[in-house]
Amino acid sequence: MEFRKKVEVPKSELRINHQTKILLFGSCFAENIGKQLLENKFSVNVNPFGVLYNPASIAQAIEMLQQNRVFTEDDIFHHHGIYRTYFHHSVFSSPDKDSFLKTINEAREKASADLKEAEILLVTFGTAYAFNLKETENVVANCHKQPSNIFDRYKLSVSEIVFSWTKLIEESLRINPDLKILFTVSPIRHWKDGAHNNQLSKAVLLLAIDELMNKFSNLYYFPSYEIVLDELRDYRFYAEDMIHPNDVAIQYIWDIFTATYLDEETRKLCVEWQNISRAIGHRPFNEETEDHKQFLKQTLLKVKSLRNKYPYFDCEKELLLLEKKLS
């Protein structure tokens, strides 16, 4: 007898390997998947504007990449000694104006180039609720704890999301005809909206993605939302806040993600790399012992063997680190 219903996710025709260039945008869940991809040495650019939660903010950021937008002093504001923009998450902030502008423009420039070359754009919608800055009537990526009376809060409709993303996808395909877009809906509940409004919000996102997939052949969907809410509904799969999936849940979703989009050779390479990565991260009681030096030599040989076997696999940083420890 089975005591849970498993979400069946068939193997996709969309394939990902270590030569696939991926650009990720969206909520905390995009960060979770992005972190796994980075740790497994995939070619990814994760959230070049920081975490973004709603389809309007994500669309605005991608449009800026398409337009090669250059940020100027007019785009930033100064509050409590820190410079920020309403286009970025607060992870992009600095007390120095010039370095801040340099940072956000360099991130945008790299992401614009990546959008032109990316094979996959992975987008995670978190909520249908958005905020507009009253002064400009533009959607904001983050309110940065500014007074609530300077914003208008509203819920995006299915038709609004479909309309804006239809134009966005068409322009993305004009720039990069081979681009494929993989959508997910974040399983993280926006509890401040209330239980019922959170469900309505997620429903809007799911319906909008479904309509877009009916319009375009290059769109795909990964059911992270359904996996967490149906298979992992028990609170033992959540962090202490009882909202965010914990490490066990994230690993479970990652395993399904890899089984869905990665071929057997790529999955084997990931397992081999994780074993080597753990060895590189090992911290001995005494680094000067002969046993530890022999351990480092064996690990170095494994990394070199991996590089020779998979010339496209980027492990130069780890090679240099091991060689430095042995010098």
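Trainee: Which residue in strand 7 does asparagine 132 stand opposite?
Mentor: Valine 139. Keep in mind that this is a predicted model.

Trainee: How do strand 6 and strand 7 pair?
Mentor: In the antiparallel sense, over 2 bridges. Strand 6 covers residues 129-133.

Trainee: What order do the strands of that sheet take?
Mentor: The order is 7-6-8. The sheet is open, has 3 strands, and its pairing is antiparallel.

Trainee: Switching to asparagine 54. Where does it lie?
Mentor: In the loop between strand 2 (43-46) and helix 2 (55-66).

Trainee: Buried or exposed?
Mentor: Asparagine 54 is buried, because its relative accessible area is 4%, under the 20% cut-off.

Trainee: What does its side chain reach?
Mentor: The backbone nitrogen of serine 57, at 2.8 Å. Beyond four places in sequence, asparagine 54 is in contact with Thr127, Tyr129, Ala130, Val139, Val140 and Leu156. Val139 is the residue opposite asparagine 132.

Trainee: Now cavities. How many of 30 Å³ or more?
Mentor: The count comes to 1. The largest cavity holds about 50 Å³ of space.

Trainee: Which elements give two or more residues to its lining?
Mentor: Helix 8 (264-280) and helix 9 (290-309).

Trainee: And what is the lining by class?
Mentor: 4 nonpolar, 2 polar and 3 charged residues. The lining residues include Arg283, Glu287 and Lys325.

How values were computed
Residues numbered from 1 in each chain as written. Predicted model: local features only at pLDDT ≥ 70, side-chain atom pairs only at ≥ 80, totals over all residues. Heavy atoms only, no water. Pairing = 2+ DSSP bridges. Helix = DSSP H or I, 4+ residues; strand = E, 2+ residues; numbered from the N terminus. 1 Å grid on protein atoms, 1.4 Å probe; cavity = no way out; pocket = protein on both sides within 12 Å on 5 of 7 lines; lining within 4 Å. Points joined across faces, edges and corners; volume = space filled by probe spheres on them. Nonpolar A, V, L, I, M, F, W, Y, C, P; charged D, E, K, R; others polar. Buried < 20%, exposed > 50% of the residue type's maximum accessible area, 1.4 Å probe, protein only. Polar contact = N/O pair within 3.5 Å; in protein donor to acceptor, adjacent residues only side chain to side chain. Contact = heavy atoms within 4.5 Å.
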